[in-house]
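Hi everyone, thanks for making time today. Please have a look at the model on the screen, and then we'll walk through a few places in it together.

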Amino acid sequence: MESSHSEGGGASAGGGSSPKLLDEGRMGVRRLGLAIRTEKVYVDWIRRFILASGKRHPREMGSAEVELFLTRLATQANVSASTQNQALSALLFLYREVLGIELPWMENIRRAKRPERLPVVLTREEVTRLLARMEGTHYLMASLLYGAGLRLMECVRLRVQDVDFVRREIVVRHGKGGKDRVTVLPASLIDALQGQMTMARRVHERDLLAGFGEVWLPHALARKYPNAAREWIWQYVFPARARSIDPRTGATRRHHIDEKTLQRAVRVAALAAKIGKHATSHTLRHSFATHLLESGSDIRTIQELLGHADLSTTMIYTHVLNRGGAGVLSPLDRR
């Protein structure tokens, strides 16, 4: 699991006995039940904002300082639009959730426009070649990315109760935007997934015998069901090889597999398969959507399976289908 360290210095929230502002930020993230990676990112952006502004307290600053900070990120640090927006989200969190300040100028700060790029999509034959170069747990996980349209973190965070073999569906909980959704469980993966769960159960039973067996739960659930963390249904389908210490509580738990190992396995497989595209784990999700469209699936059904809030996000896959010879006859071929 990711480690968390308390930064020294920084602006205080006022008064010598008040906790540091960065620690207040951490407490705010945890109060909202946000992930530890979000905590680390938000606290880091708050720290950078304070340092870039001459260590002034955010209460003394406003839209001019925030916009200057974001502008410098774009013009001097050359960060991407998504990184600028991440920084803005952290600062909005700081003012609203930590300082309790609702200022009109916050609504007027424009988010950086992300460049519109068509997603990289593999052909069915390329997907087959890529998966053929994978094995074991990574093969199963990559197959779920493609076969169920899962995002990387949605796959590694799957819990036992999220997989319904009878209905052949996967429930994605707290997906992007904090929303739940249901997607398809490929019939061809049922045996392998059941085998994976058998292995995960053995790991869990050994942990229980050793006096452990807890898994991380969102704070609201942990309070409501204090014994749930040791129950089988809450365990991760893809558990980590070793137990680790939760940096927030100090509790020893079994976390999920590190997503970086899957990302690396997909890249290695793409190279081995000699795929001439920048294929990543997310490429498999793009390919899921595109291939469903090719097969005649309804665009709104695909929207629901992917968990897109806006249909326009899903519509980008129609543009992928209409590229090149699939949509237009070149004038060179009309001669």
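Let me begin with a question: at roughly what angle do the axes of helix α2 and helix α4 cross? They cross at roughly 85°, and the two axes come within 9 Å. Here α2 covers residues 36-52 and α4 covers residues 81-98. An axis is a line fitted to C-alpha atoms, for helices over the stretch in contact, and angles run from 0 to 180 degrees between N-to-C directions.

Before I go on, a word on what you are looking at. This is a predicted model, in which local features need pLDDT of at least 70 and side-chain atom pairs count only at pLDDT 80 or more, while totals for chains, interfaces and linings use all residues. Residues are numbered from 1 along each chain as its sequence is written, and side-chain values use heavy atoms, with hydrogens and water left out.

Back to our pair. α2 and α4 are roughly perpendicular to each other; that label covers 65 to 115 degrees, with under 35 called roughly parallel, over 145 roughly antiparallel, and the rest oblique. From α2, the residues making the contact are V41, Y42, W45, I46 and F49. From α4, they are T83, Q86, A87, S89, A90, L91, F93, L94 and Y95. Contact here means heavy atoms within 4.5 Å. Sorted by class, this contact has 11 nonpolar, 3 polar and no charged residues. For those classes, Ala, Val, Leu, Ile, Met, Phe, Trp, Tyr, Cys and Pro count as nonpolar, Asp, Glu, Lys and Arg as charged, and the others, Gly among them, as polar.

Now the whole chain. It has 14 helices and 5 strands; these are DSSP runs numbered from the N terminus, helices being H or I with at least four residues and strands being E with at least two. Of its 335 residues, 42% count as buried. Buried means under 20% relative accessible area, exposed over 50%, and partly exposed in between, with a 1.4 Å probe and protein chains only. Among contacts with a separation of 6 or more, 61% come from residues 24 or more positions apart.

Helix α13 (residues 299-306) and helix α14 (residues 311-321) have axes that come within 9 Å and cross at roughly 115°. That makes α13 roughly perpendicular to α14. On the α13 side, the contact involves I299, R300, I302, Q303 and L306. On the α14 side, it involves L311, T314, M315, Y317 and T318. The class count for this contact is 6 nonpolar, 3 polar and 1 charged residues.

Let's stay with Q303 for a moment: is it buried or exposed? Q303 is buried, with a relative accessible area of 11%. Leaving aside neighbours within four places in sequence, Q303 is in contact with H308, A309, D310, L311 and T314.

N78 is not a glycine, although its phi is positive, about 55°. You'll find N78 in the loop between α3 (63-75) and α4, and it is exposed, at 61% relative accessible area. R168 is not a glycine either, and its phi is positive at about 55°. R168 sits in the loop between β1 (163-164) and β2 (169-172) and is partly exposed, at 48% relative accessibility.

D180 is partly exposed, with a relative accessible area of 47%. Not counting residues up to four places away in sequence, D180 touches V172, R173 and H174. Which residue is 127 positions from D180 in sequence and 8.1 Å from it in space, C-alpha to C-alpha? That is G307.

Last, two side chains with polar partners. D23 is in helix α1 (residues 21-31), and its side chain makes a polar contact with the side chain of R26 at 2.5 Å. A polar contact is a pair of N or O atoms within 3.5 Å; within protein, one must be able to donate a hydrogen and the other to accept it, and residues adjacent in sequence count only if both atoms are side-chain atoms. H255, in the loop between β5 (252-253) and α11 (259-272), makes such a contact with H256, side chain to side chain, at 3.3 Å. H255 counts as buried, at 18% relative accessibility.

Thanks, and I'm happy to go back to any of these on the screen.
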